[in-house]
Amino acid sequence: MDDLAELVDLLRLPPMDEAHWRSSDWPAIETALGAELPGDFKRFIDAYGPGAIDDHVLVCAPDASIGWTDLLDNNEMAQETCRIWFGGVDDGPFSHAQQPWLLGDSSRWEGDDVPDWFQPGDDLISWGGTPNGDFLFWHIKPGAAPADHPVVLRERGPYFERFAGGFAAALTGLLTGTIRSEYLSRWLQGPHSYGLAGRRD
């Protein structure tokens, strides 16, 4: 059983070939985000849509009908919080007239809040979060295949945790306990579930 099939089984969801949320315009979404997204995430979202794992890990989707579930809106907010930390406390939110700077622009970094594994030219794209104000990202490295983007938790502190594996592998590890998180594991004790959110086609 591959990681995505195991995740679906752990969450007690119907088989992917029997589920359909909507067919998202992934090329347009990826152009807006500036990176190709992992295939396991796209297949999961097209089958089940946005929702909450164990009422705690929030998973976003394109064009979702509920504010917190929209992938682009969530990523914009998540990246802005990272800019504030990466750029120092005086680097406040951007106005709509300003172009947000890329997280990998090291000329804007100040202080000690950029994690050691995040290098110039890298990016963080958020696919979810928690009700506590934490965000979940992919760590995007130039030239890396989408399936190789590891998952990152940014606790609002900020404190970063970087997990081996992508979307399905990281979530499966967290749900089975083979991956431990100081902040997430206490909320993912089971029995596991996926609470769906938003309208279906």
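Colleague: What are the ground rules for the numbering and the model?

Modeller: The model is predicted: local features need pLDDT of at least 70, side-chain atom pairs count only at pLDDT 80 or more, and totals for chains, interfaces and linings use all residues. Residues are numbered from 1 along each chain as its sequence is written, and side-chain values use heavy atoms, with hydrogens and water left out.

Colleague: In what order do the strands form the open sheet?

Modeller: Terms come before the case. Helices (H or I, at least four residues) and strands (E, at least two) are DSSP runs, numbered from the N terminus. Two strands pair if DSSP finds at least two bridges between them. Here 7 strands make an open sheet, ordered S6-S5-S4-S3-S2-S1-S7, with antiparallel pairing. Strand S6 (159–163) and strand S7 (194–196) are the edges, each pairing on one side only. From one strand to the next, the twist averages 35 degrees. Such angles run from 0 to 180 degrees between N-to-C directions, with axes as lines fitted to C-alpha atoms, for helices over the stretch in contact.

Colleague: How many bridges join S3 to strand S4?

Modeller: Strand S4 (residues 135–140) is joined to S3 by 6 bridges, and the two run antiparallel. Ser126 has Phe137 as its bridge partner in S4. Ile125 is partnered by Trp138. The hairpin of S3 and S4 has 5 residues between the strands, and Gly133 there takes a positive phi near 95 degrees. On to S5: 4 bridges join S4 to strand S5 (residues 151–155), again antiparallel. Trp138 has Val151 as its partner in S5. As for S2, 2 bridges join strand S2 (residues 57–59) to strand S3 (residues 123–129). Leu58 is partnered by Gly129 in S3.

Colleague: Why is S4 largely enclosed by the rest of the structure?

Modeller: Read burial by accessible area: buried means under 20% relative accessible area, exposed over 50%, partly exposed in between (1.4 Å probe, protein chains only). In S4, 6 of the 6 residues are buried, so the strand is largely enclosed by the rest of the structure. Phe135, Phe137 and His139 point one way, Leu136, Trp138 and Ile140 the other. S3 is likewise largely enclosed, because 7 of its 7 residues are buried.

Colleague: Which residues lie nearest the centre of the second largest pocket?

Modeller: Rolling a probe the size of a water molecule over the atoms shows where empty space is left. A pocket is an open set of points on a 1 Å grid over the protein atoms alone, where a 1.4 Å probe fits, with protein on both sides within 12 Å along at least five of seven lines; lining residues have an atom within 4 Å of a point. Leu58, Trp68, Asn74, Met77 and Phe135 lie nearest the centre, among 13 lining residues. Helix H4 (71–86) and S3 each supply at least two of the lining residues. H4 gives the largest share, 3 residues.

Colleague: Where does Asp46 lie?

Modeller: Asp46 lies in helix H3 (residues 39–48). Contact means heavy atoms within 4.5 Å. Leaving aside neighbours within four places in sequence, Asp46 is in contact with His20, Trp21, Arg22, Ser23, Ser24 and Trp26.
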